[in-house]
Amino acid sequence: MTMTSSVNPGQARIAATFARCRAENRAALVTYVMAGDPDAETSLKVLEALPAAGADIVEFGLPFTDPMADGPAIQAAGLRALKGGQGVARTLDLVRRFRQGNTETPVILMGYFNPIHTYGVERFLDDALDAGIDGLIVVDLPPEEDDELCLPALAKGLAFIRLATPTTDEKRLPAVLANTAGFVYYVSITGITGTATPNFDRVAAAVDRIRRHTDLPIVVGFGVRTGADATAIARGADGVVVGSALVDAMRATLDADGASNGGTVAAVSALVRELAEGVRSAPRA
């Protein structure tokens, strides 16, 4: 059994957020948006609006040309961001600017290893800490490759957050949890993001199974699109992640050239408020 209870300074914001949500007897709302989508300035305004609308934790997507775990909505968002010149340095700069007005909301950078490797691991970790990043989700680095980024990140004080999936069995789970910090991200469906609705009973059973192996908070994502979905997941999980639905809400405000028509922040904020209400209304087990 793998238990993780110690918290280093770089993970303090994450721990404090889950502690606050527990004190309020509710799950946390974790929102995902793509950095630089549809452009850097709009992306910053969206990032700043998420906590005000009810998001407890923000996952900020790092654009990549080959996002194998992401569905069509997030793939398209990444391409829009890359077209605008968004990369690692500009993404960290957006977080740095966000931190000028918000020092409480945890920011988790989510993406793939290739851009980080190209940037340089040590340089990336130092710059991420300086910008105000609290943790990393790098979906294409399994536990067998912990030396590449996971262990150096933990040594610097960044949480390295691992994904568990419906195919993660009892034999594999200890390896997945071994160096995980901050929280565990349970992927509620088999496949890519934004393509199916989860079976809520199966998700609850999976969360209970994982909880027997760790004292870290367990958040659930992939397939959550509405306030009702969020309520269903929040009954048993410590957090609910919503990404593709927010990216879709953003895309619906763009013109034919992929530029914001001015209503992007309002559209995303409206959906976040609905999701936050759903999370907060969930009866807790």
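**Entry 1: α2 and α4**

I began with the crossing of α2 and α4, which is right-handed in this predicted model. Helix α2 covers residues 40–53 and helix α4 residues 88–99, and I found their axes 10 Å apart at an angle of about 45 degrees. Angles from 65 to 115 degrees would count as roughly perpendicular and those under 35 as roughly parallel, so α2 and α4 are oblique to each other.

Which residues of the two helices meet here? On the α2 side I listed Ala 40, Glu 41, Ser 43, Leu 44, Leu 47, Glu 48 and Pro 51. On the α4 side I noted Leu 94, Arg 97 and Phe 98. Sorted by type, the residues of this contact come out as six nonpolar, one polar and three charged.

I then stepped back into the loop between β1 (28–34) and α2, where Pro 38 sits. The peptide bond joining Asp 37 and Pro 38 is cis, with omega at about -5 degrees.

**Entry 2: α3 and α11**

My next helix pair was α3 (residues 72–83) with α11 (residues 244–251). Their axes come within 9 Å and cross at roughly 55 degrees, and α3 and α11 are therefore oblique to each other. Is the crossing left-handed or right-handed? I noted α3 passing α11 in a left-handed crossing.

From α3, the contact draws on Ala 73, Ile 74, Ala 77 and Arg 80. From α11 come Ser 244, Val 247, Asp 248 and Arg 251. By type I wrote down four nonpolar, one polar and three charged residues for the contact of α3 with α11.

**Entry 3: salt bridges**

Side chains of opposite charge can pair when their charged atoms come close. How many salt bridges does the structure hold? The tally is 19, and I looked up a few of them.

Arg 13 pairs with Asp 134, and their closest N and O atoms are 2.8 Å apart. This pair links distant parts of the chain, 121 residues apart: Arg 13 belongs to helix α1 (residues 12–23), while Asp 134 is in the loop between α6 (121–131) and β4 (135–138). I checked accessibility too: Arg 13 is partly exposed at 24% relative accessible area, whereas Asp 134 is buried at 2%.

Glu 144 forms a salt bridge with Arg 172, and here the closest N and O atoms are 2.6 Å apart. I placed Glu 144 in the loop between β4 and α7 (150–156), and Arg 172 in the loop between β6 (163–164) and α8 (173–177), 28 residues apart. Glu 144 is exposed, with 55% relative accessibility, and Arg 172 is partly exposed, with a relative accessible area of 30%.

Asp 146 bridges to Arg 162, with 2.7 Å between the closest N and O atoms. I found Asp 146 in the loop between β4 and α7, and Arg 162 in the loop between β5 (159–160) and β6, 16 residues apart. Are these two partners buried or exposed? Both Asp 146 and Arg 162 are buried.

I also noted one network, made by salt bridges that share partners: Arg 20, Glu 24, Arg 26, Asp 56 and Arg 280 are joined in it.

What does Thr 17 touch, leaving aside residues up to four places away in sequence? My list reads Asp 56, Ile 57, Glu 104 and Pro 106. Thr 17 has a relative accessible area of 4%. The cut-off for buried is under 20%, so Thr 17 is buried.

**Entry 4: positive phi values**

I finished with two backbone angles. Asn 25 is not a glycine, yet its phi is positive, at about 55 degrees. I found Asn 25 in the loop between α1 and β1, and with a relative accessible area of 52% it is exposed.

Phe 222 also has a positive phi, near 80 degrees, and is a residue other than glycine. Where does Phe 222 lie? Phe 222 is in the loop between β8 (218–221) and α10 (227–234). With a relative accessibility of 9%, I logged Phe 222 as buried.

Technical notes:
Residues are numbered from 1 along each chain as its sequence is written. This is a predicted model: local features need pLDDT of at least 70, side-chain atom pairs count only at pLDDT 80 or more; totals for chains, interfaces and linings use all residues. Side-chain values use heavy atoms; hydrogens and water are left out. Axes are lines fitted to C-alpha atoms, for helices over the stretch in contact, and angles run from 0 to 180 degrees between N-to-C directions. Helices (H or I, at least four residues) and strands (E, at least two) are DSSP runs, numbered from the N terminus. Angles under 35 degrees count as roughly parallel, over 145 as roughly antiparallel, 65 to 115 as roughly perpendicular and the rest as oblique. A crossing is left-handed if the near helix is turned anticlockwise from the far one by less than a right angle, and right-handed if clockwise. Contact means heavy atoms within 4.5 Å. Ala, Val, Leu, Ile, Met, Phe, Trp, Tyr, Cys and Pro count as nonpolar, Asp, Glu, Lys and Arg as charged, and the others, Gly among them, as polar. A salt bridge is a side-chain nitrogen of Lys or Arg within 4 Å of a carboxyl oxygen of Asp or Glu. Buried means under 20% relative accessible area, exposed over 50%, partly exposed in between (1.4 Å probe, protein chains only).
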